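Open the model in your viewer and keep the selection tool at hand. Each stop below says what to select and what is there.

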Amino acid sequence: MFLILSGKCDIIIQNPNLTRIKSHKKDISLIIQLNNISVSYGDLLALDDLSLQIEGGAVGLLGPNGAGKTTFIKTILGLLTPKGGSAEVMGMDIMTRQLDIRQQVGYVPESDCYITGMSGVNFVAYMGKLCGMPRKDAIQRAHEILQYVGMTEERYRPIETYSAGMKQKIKLAQALMHDPKLLLLDEPTTGMDPKGRQEMLDLVKNISSEKNINIILSSHLLPDIEYTCQDIIVLREGKLIVKGNIEELKSTHRIMFEVRIKGDRNSFISALEANHIECLESERELLRLSLPDNAETKVLFKIAFDNGIQIRQLMPTRYSLEDVFTQAVGG
Amino acid sequence: MPIHDQSYRHWEGKLKSHSFRWWIIAFEGLKVVLRRKLFVILILIPAVIQFFVFGGLIYGVNTYGVFANFNLITPDFFYRFCFQQTFFILMICVFAGSGLIANDLKSNALQLYLSKPLTRFDYIAGKVATILIMLECITLVPGILLFLEHSALSQELTFIREQYWILGSIFLFSLILNVPITFLTLALSSVTKNNRYSAIILMAIIIGTPILGTLLKVVFRANWANYIQYWYNINALGRNIFGLQGDENAWHWSAPIMLILTIVCIWIMYRKIKGVEIVK
């Protein structure tokens, strides 16, 4: 073993054959291109004539239950065969080059999955060997990756004894073993406590922003997506509903106000809608209103006055990802 | 400047060829099985002891003239050695084979395997190799060693000259003994997430079919009932391969029956082993 010290880089390479620093530049060209893809389970159409282009970076995949998020991920991995259409992942056809795609893609499944009778480090090394890594490299990298995901102490324990949070981390570790260019994460924070969830999100964010690995994160948890991703894709019933940059989606929407009222709530909402003011969500007395671009707040007071309603609080608010999502899925 | 970066580092090593990915699965499977001490002590070691008993007989016959009046080392001797390993073959399949796929189904490991650059063929070939290697190690390998031992100890070359075909018979019979039961074990393992159920069904087929066949033979007084028995078919094929006395025409039925059984088992595995479980 010998050491190389570089003035430009603060990493010491212990074995040049094993770990050379790769200029893993994030590919900003298309990583996924779907053209009229349809996937069905029997009569149930899970992806319906879906056409979509995804560029590099961190992309959040949103949608209500049964929207087709997991089907989308499994289709681009080649685990499901489309009924129609065509798709490419990093320029490789999903029908003819499935193994090449899987060589470049890491997958963190939603459900608990592991191989019984193995310790954490053996499991991760085994996954690396299945990707074609030589035995020695796989074992050394397994230790490194487990250290990176914060499982230094637990790596020699049998996986069956791991907590839900540890199992999520080991799934992430196995997906990173072969140094993928694209990481697919399906609900990676499921079953984790707040601390573990934050650690996982920090890891995902670090992988995407610092390590230049493209990610697609499917989650029900909007804060998770907002924290880790720049772009979102919203699916509903297998169709694309919204796609774009999160900040742009939030900023392109109209002015929002939180309004607390006293009086007949339903008649007020009806009157607002008649004046093209959208009521996005409401608690008992608190409403979130989206005003048209040129509208002023005095119109709210006028509507309230006309309907015998008291406005007790009026506060400008930010248009959140939740608002984008709620509006998109029509919730 | 840190002396060692503990963060994520990109890897740019050379990947191995795809052709032998199945071997990684087989090797790991063998490692897991051989770590089970009870399995090794109660099943593998007795199977090896059987080999030493037969090896001792060959040594005794050739060196001390034990049983000199009997022509002991004949094709029947090698056939008997292989056939007597069937108990250990069954035990290996029950205790080591029945959980090979069932455990992966139980822990959802299939989607991990198939999300890697692996085909279903690689996965199945790896699991088949895990069992087959163990079974061949207690049938084919010792069978050949016994043949070589006798060839080396006998004073003349007539044995090798006249009986060289026994080597081929040992090879063929070990395949007939091991291949159908390997696929049967794995097919049963792929239909349930509980390895105990697959072990029980395997035992029921292997031990139950002789009982059922015998009962049907008594009731109907018909020879076709013999072909229901798993071991009858194996025995019929084995005796034909070693040129021993028995029902000479039995293999006409036994061979297609074992072939169909193997094909059905492969079909079941291909149906059941998928990266996506569709819940209806």
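**Stop 1: chain B**

Bear in mind that this is a predicted model. Select chain B and colour by secondary structure. Its elements are 13 helices and 0 strands. The C-alpha atoms fill a box of roughly 85 × 55 × 30 Å along the principal axes. Of the 280 residues in chain B, 39% are buried. Now consider contacts in chain B between residues at least 6 apart in sequence: 78% of them join residues at least 24 apart.

**Stop 2: a helix pair in chain B**

Select residues 120-138 of chain B, which form helix 7, and residues 165-190, which form helix 10. At what angle do these two helices of chain B pack? The angle is about 145°, and the axes are 10 Å apart. The crossing of helix 7 and helix 10 of chain B is right-handed.

Show side chains at the contact. Helix 7 of chain B brings Lys127(B), Val128(B), Ile131(B), Leu132(B), Leu135(B) and Glu136(B). Helix 10 of chain B brings Ser174(B), Asn178(B), Thr182(B), Thr185(B) and Leu186(B). By type, the contact residues are 5 nonpolar, 4 polar and 2 charged.

**Stop 3: the two domains of chain A**

Move to chain A. Colour domain 1 (30-249) and domain 2 (254-329) separately. Their centres, taken over C-alpha atoms, are separated by 39 Å. Where they meet, 11 residues of domain 1 of chain A are in contact with 6 residues of domain 2 of chain A.

Look at the domain 1 side. The elements of chain A giving two or more residues to it are helix 7 (222-228), strand 9 (231-236), strand 10 (239-245) and helix 8 (246-251). Helix 7 of chain A gives the largest share, 3 residues. This side of domain 1 of chain A has 9 nonpolar residues, no polar ones and 2 charged ones.

**Stop 4: the nonpolar cores**

Show both chains. Which residues have the most contacts inside the largest nonpolar core? They are Val124(A), Ile145(A), Ala173(A), Leu184(A), Ile215(A), Leu217(A) and Phe78(B), in a core of 144 residues. Helix 10 of chain B supplies the largest share of this core, 10 residues. Domain 1 and domain 2 of chain A both give residues to this core, so it lies between them.

Centre on Ile145(A). Leaving aside residues up to four places away in sequence, Ile145(A) touches Val124(A), Ala173(A), Leu176(A) and Met177(A).

Last, select Ile261(A), Leu272(A), Leu289(A) and Leu300(A). They are among the 10 residues of a second, separate core.

Terms used. Residues are numbered from 1 along each chain as its sequence is written. Chains are lettered from A and ligands numbered from 1 in the order in which they are written. This is a predicted model: local features need pLDDT of at least 70, side-chain atom pairs count only at pLDDT 80 or more; totals for chains, interfaces and linings use all residues. Axes are lines fitted to C-alpha atoms, for helices over the stretch in contact, and angles run from 0 to 180 degrees between N-to-C directions. Helices (H or I, at least four residues) and strands (E, at least two) are DSSP runs, numbered from the N terminus. A crossing is left-handed if the near helix is turned anticlockwise from the far one by less than a right angle, and right-handed if clockwise. Two residues are in contact if their C-beta atoms, placed from the backbone, lie within 7 Å. Ala, Val, Leu, Ile, Met, Phe, Trp, Tyr, Cys and Pro count as nonpolar, Asp, Glu, Lys and Arg as charged, and the others, Gly among them, as polar. A nonpolar core is a set of buried Ala, Val, Leu, Ile, Met, Phe, Trp, Tyr and Cys residues joined through C-beta atoms within 7 Å. A residue is buried if 20 or more other C-beta atoms lie within 10 Å of its own, exposed if 12 or fewer, and partly exposed in between; C-beta atoms are placed from the backbone. Domain bounds come from an automatic or database domain assignment.
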